[in-house]
Amino acid sequence: MATANEDIFDDFLDERGHTTDSPSWERDYNKKRCPDCGGLHGLDASTCSVCGWQPN
């Protein structure tokens with residue numbers, strides 16, 4: 001749960017063009033693509049086997 005200070009900080013960043021959403025898997029046809037390294041994985045993947053990235 002976000003606190004009031006986090007909401008203010010997110011609003012500040014949003015107004016200046018920064019993304020404040022938690023990164024998640026990108027989709028590439030029937031695969032998941034890691035947003036950090038671009039590695040492709042099956043739809044059941046929960047961690048990137050290339051760089052170790054995990055969604056929050």
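Predicted model: local features only at pLDDT ≥ 70, side-chain atom pairs only at ≥ 80, totals over all residues.
Biologist: OK, so where does W53 fall, buried or exposed?
Modeller: W53 has a relative accessible area of 10%, so W53 is buried.

Biologist: And W25, buried or exposed?
Modeller: W25 counts as buried too, because its relative accessibility is 15%, which is under the 20% limit.

Biologist: How many aromatic pairs are there?
Modeller: The count comes to one aromatic pair. The rings in question belong to W25 and W53, with their centres 5.1 Å apart and their planes at 90 degrees, so the pair is edge-to-face.

Biologist: Which parts of the chain does that pair tie together?
Modeller: W25 sits in the loop between helix 1 (4-15) and strand 1 (26-28), whereas W53 belongs to the segment after strand 3 (40-41), so the pair ties together parts that lie 28 residues apart in sequence.

Biologist: Which residues make up the largest nonpolar core?
Modeller: That core has five residues in all, namely W25, C34, A45, C48 and W53, and both tryptophans of the aromatic pair are therefore among its members.

Biologist: What does C34 touch, leaving out residues up to four places away in sequence?
Modeller: With those left out, C34 touches W25, C48 and W53, and also G39 and C51.

Biologist: Switching topic, how many salt bridges does the structure hold?
Modeller: The structure holds two salt bridges. In one, R33 is joined to D28, with the closest N and O atoms 2.3 Å apart; in the other, R16 is joined to E15, where the closest N and O atoms are 3.4 Å apart.

Biologist: How accessible are R16 and E15?
Modeller: R16 has a relative accessibility of 47% and therefore counts as partly exposed, whereas E15, with a relative accessible area of 63%, is exposed.

Biologist: What about R33?
Modeller: R33 counts as partly exposed, because its relative accessibility is 27%.

Biologist: Last one, where is L43?
Modeller: L43 lies in the segment after strand 3, and with a relative accessible area of 43% L43 is partly exposed. From C-alpha to C-alpha, L43 and W25 are 9.7 Å apart in space, and they are 18 residues apart in sequence.

Biologist: What is L43 in contact with, then?
Modeller: Leaving aside neighbours within four places in sequence, L43 is in contact with R27, N30, K31 and K32.

Note on methods. Residues numbered from 1 in each chain as written. Heavy atoms only, no water. Core = buried A, V, L, I, M, F, W, Y, C linked by side-chain atoms within 4.5 Å. Buried < 20%, exposed > 50% of the residue type's maximum accessible area, 1.4 Å probe, protein only. Contact = heavy atoms within 4.5 Å. Salt bridge = Lys/Arg side-chain N within 4 Å of Asp/Glu carboxyl O. Phe/Tyr/Trp six-rings, centres within 6.5 Å; stacked < 30°, edge-to-face > 60°. Helix = DSSP H or I, 4+ residues; strand = E, 2+ residues; numbered from the N terminus.
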